[in-house]
Amino acid sequence: MQTQVGIVGAGPAGLLLSALLHDAGIESVILEARSREYALQRVRAGLLEQSTVELLTEAGLADRLHRERLVHQGIELRYGPDEARERHRVPITELTGREVTIYGQQEVVADLIAARESYDGPIYWEAADVTPTGLESDPRISFVHDGARHELHCDYIVGADGFHGVCRGAVPDGALTTIEHEYDFGWLGILAHVKPSCDELIYANHARGFALHSMRSDTVSRLYIQVPLTEKLEDWPDRRVWDELHTRLQYPGWELAEGEVFDKSIAPLRSFVVSPMQYGKLFLAGDAAHIVPPTGAKGLNLAVHDVHQLRRGLVSHYADGSDELLAGYTDRCLERVWRAQDFSTYMTHLLHNMSDDPFDQGLQQSRLRYAWTSAAAATALAENYAGLPFDR
């Protein structure tokens, strides 16, 4: 088998790259370890930066997104003791001229799969024993599909196969530097069939821990609470989750609506960065190269930015034979990745219970108040939350 770009992973990064390359007349083949049904049903992030929406729109992949999305122009912060809760809205659009979109990642994936299938672009679902080799000069990917082994020869390999994927591990030892930071707590998240109790996301700091009220649509709410990593799902029946959300999100005169919980999970918080994001003819994208705490809502958007940069480099290579953009892929991507790491860490420390030390807690409350009493602080928060233009 032969193609120009072999893509490992049919998540948003791999699928979007394939669509952008198709528009540029560049062939690709996608290999995915999971089933098509799994890809369509997997619930992940749901906040898109304006630059992400603009790229999807430019590529003709956002018709349904524009019909069904929720457009947000701010976020709300809640904090303070129960007897004196405070809340403040950060007016993102007013401060930055940019907006954010709520549209589930699984919906983005559905749109991208439909686009890929519309032009019969090959996707090998449930590909097993995927093994990239020849990364320096003769890239190829060996895999098993429907019981038969195949070998895909390609000019380049893109590893968009996530944190646990095989592509990063195919790079020789010592060629990549990995930087990690793990937190001792995670997010317990639920999806519920209930109209959201807010028009924009609520980020709440509370003595019992962080809480977030988000949404996926007008009828589905997405909510999170901070929990120790030692907690198990069986420790959190639905009633306990709702009671904790009521406590942490409370504000006088505001009520949290409840509904049927149809998904529940606990995810750890971590930061992870690989450098360089390329080795020979292999390029890493998305979670294969970096993970940020979800507090900043940057994961999916960073993956899309990676793809945007890869598209530019590959088009330049095939159109005029220049590899300058491909050579600079890591530097351009990591500049944005580290900005997102900084902001996501800032938001995590601003809103979560990080310490029992009264001094640390006093500093945190001061920073929360400063975020809305200072125009400069509010603008910095809004600018990072909304996301900078991709080519800035």
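**View 1. The second largest pocket holds about 590 Å³ of space.** The model is predicted: local features need pLDDT of at least 70, side-chain atom pairs count only at pLDDT 80 or more, and totals for chains, interfaces and linings use all residues. Residues are numbered from 1 along each chain as its sequence is written, and side-chain values use heavy atoms, without hydrogens and water. A pocket is an open set of points on a 1 Å grid over the protein atoms alone, where a 1.4 Å probe fits, with protein on both sides within 12 Å along at least five of seven lines; lining residues have an atom within 4 Å of a point. Volume is the space filled by probe spheres set on the points.

**View 2. The lining of the second largest pocket comprises 29 residues.** H352, N353, M354, S355 and Q364 lie nearest the centre. α11 (358-373) is among the elements that each supply at least two lining residues, with β13 (177-193), β16 (220-228) and α7 (238-249). The largest share, six residues, comes from α11.

**View 3. L310 sits in the largest nonpolar core, which has 74 residues.** Such a core is a set of buried Ala, Val, Leu, Ile, Met, Phe, Trp, Tyr and Cys residues joined through side-chain atoms within 4.5 Å. L310 is among the members that touch the most others. Beyond four places in sequence, L310 contacts (heavy atoms within 4.5 Å) L17, V158, F283, A285, L326 and Y329.

**View 4. R216 lies in the loop between β15 (211-215) and β16.**

Definitions and conventions. Helix = DSSP H or I, 4+ residues; strand = E, 2+ residues; numbered from the N terminus. Buried < 20%, exposed > 50% of the residue type's maximum accessible area, 1.4 Å probe, protein only.
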